[in-house]
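Subject: Structure handover and findings

Hello,

Here is the structure I said I would pass on.

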Amino acid sequence: MIKSAETARERILTAANKLFYAEGIRAVSLDTIAEKAGITKKTVYYHFKSKDDLIEAYLVSRDQPNLNQFRKWFGEAKGDLPDKVEAIFRQIALSSRHPKWKGCGFLRTAAELANMPGHPAMKVGAGHKKKFEAWMAEEFEAAGLGGAHLARHIVLLLDGAFSTILVHRDPAYAEAAGEAARALVASALLNQAS
């Protein structure tokens, strides 16, 4: 019994992930999610008390995988710290060339819920962005740089790249943001050395 309940919950989350990311949270009904998951709407409500609860779970399910992907890109990049930071942006540019790429699910959800700042999904999205910023700050501090200020600049470049690519459908914006991020980190390292 527990196994089938877990399987149904996972199927609901998988369907929600695909549909919310592809079409947006407001455009997708619980009926559509239930149909995609191959279950009844009643089963959706058994696992999630409301659509808002499911939206929150959708973002929670994306949090660690997305952060792990950034860490992987950073860790696998060749070169020094500025090169590793730039690599994140280059990988975003590469990913955004895929026809199914729809940008940052956290930013898109925040845009749809902009008039609901207390929504649980807004808190998950803000938490996700803060985790990325804290991780960047740790990397910069490990290199002897003032981490928090520089990390905030990188977050602004990152989210700016995500947003601008969506507006213009041009991955070159992520590459340009990566160049700016690289220059910021290189400059900070140069200032530290002098």
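Basis

This is a predicted model, in which local features need pLDDT of at least 70 and side-chain atom pairs count only at pLDDT 80 or more, while totals for chains, interfaces and linings use all residues. Residues are numbered from 1 along each chain as its sequence is written, and side-chain values use heavy atoms, with hydrogens and water left out.

Overall

The protein has nine helices and zero strands. Along the principal axes, the C-alpha atoms fill a box of roughly 65 × 35 × 35 Å. Of the 194 residues, 42% count as buried; buried is under 20% relative accessible area, exposed is over 50% and partly exposed is in between, with a 1.4 Å probe and protein chains only. Contact is taken as heavy atoms within 4.5 Å. Among contacts between residues at least 6 apart in sequence, 66% join residues at least 24 apart.

Helix α9 covers residues 172–193. Its 22 residues should span 32 Å at 1.5 Å a residue, and the end C-alpha atoms are 32 Å apart, which agrees. The expected span is 1.5 Å times one less than the number of residues.

The buried residues in α9 are Ala174, Ala177, Gly178, Ala181 and Val185. They cover an arc of only 105° around the axis, so they sit on the same side of α9. The arc is that of the directions from the helix axis to the C-beta atoms. An α-helix has 3.6 residues a turn, so residues three or four places apart point the same way. The buried residues of α9 pack against α5 (81–95), α7 (120–142) and α8 (147–168). On the face turned away from that buried side, α9 carries the exposed residues Glu179, Leu190, Asn191 and Ala193.

In helix α6 (residues 105–112), the buried residues are Gly105, Phe106, Arg108 and Thr109. Their arc around the axis is only 165°, which puts them on the same side of α6.

Single residues

Glutamate 133 is in helix α7. Its relative accessibility is 12%, so glutamate 133 counts as buried. Leaving aside neighbours within four places in sequence, glutamate 133 is in contact with Ala148, Ala151, Arg152 and Val155.

Valine 44 belongs to helix α3 (residues 41–47) and counts as buried at 1% relative accessibility. Not counting residues up to four places away in sequence, valine 44 touches Ile12, Leu30, Ala34 and Ile39. Valine 44 and alanine 134 are 90 residues apart in sequence and 35 Å apart in space, C-alpha to C-alpha.

Arginine 169 lies in the loop between α8 and α9. Its phi is near 55°, a positive value in a residue other than glycine. Most residues other than glycine have a negative phi. Arginine 169 is exposed, with a relative accessible area of 54%.

Pocket and cavity

Grid points are joined across faces, edges and corners, and a volume is the space filled by probe spheres set on the points.

The largest pocket holds about 380 Å³ of space. It is lined by 20 residues, of which Arg62, Asn66, Trp73, Trp101 and Gly103 are the closest to its centre. At least two lining residues come from each of α4 (51–76), α5, α7 and α8, and α4 gives the most, with six. By class, the pocket lining has ten nonpolar, seven polar and three charged residues. Here Ala, Val, Leu, Ile, Met, Phe, Trp, Tyr, Cys and Pro count as nonpolar, Asp, Glu, Lys and Arg as charged, and the others, Gly among them, as polar.

How many cavities of 30 Å³ or more does a search of the whole structure find? It finds one, and the space in the largest cavity is about 40 Å³. Residues lining the largest cavity include Phe20, Tyr58, Gly105, Arg108 and Thr109. The largest share of that lining, four residues, comes from α6.

Regards

Methods. On a 1 Å grid over the protein atoms alone, a cavity is a set of points where a 1.4 Å probe fits but cannot get out, and a pocket is an open set with protein on both sides within 12 Å along at least five of seven lines; lining residues have an atom within 4 Å of a point.
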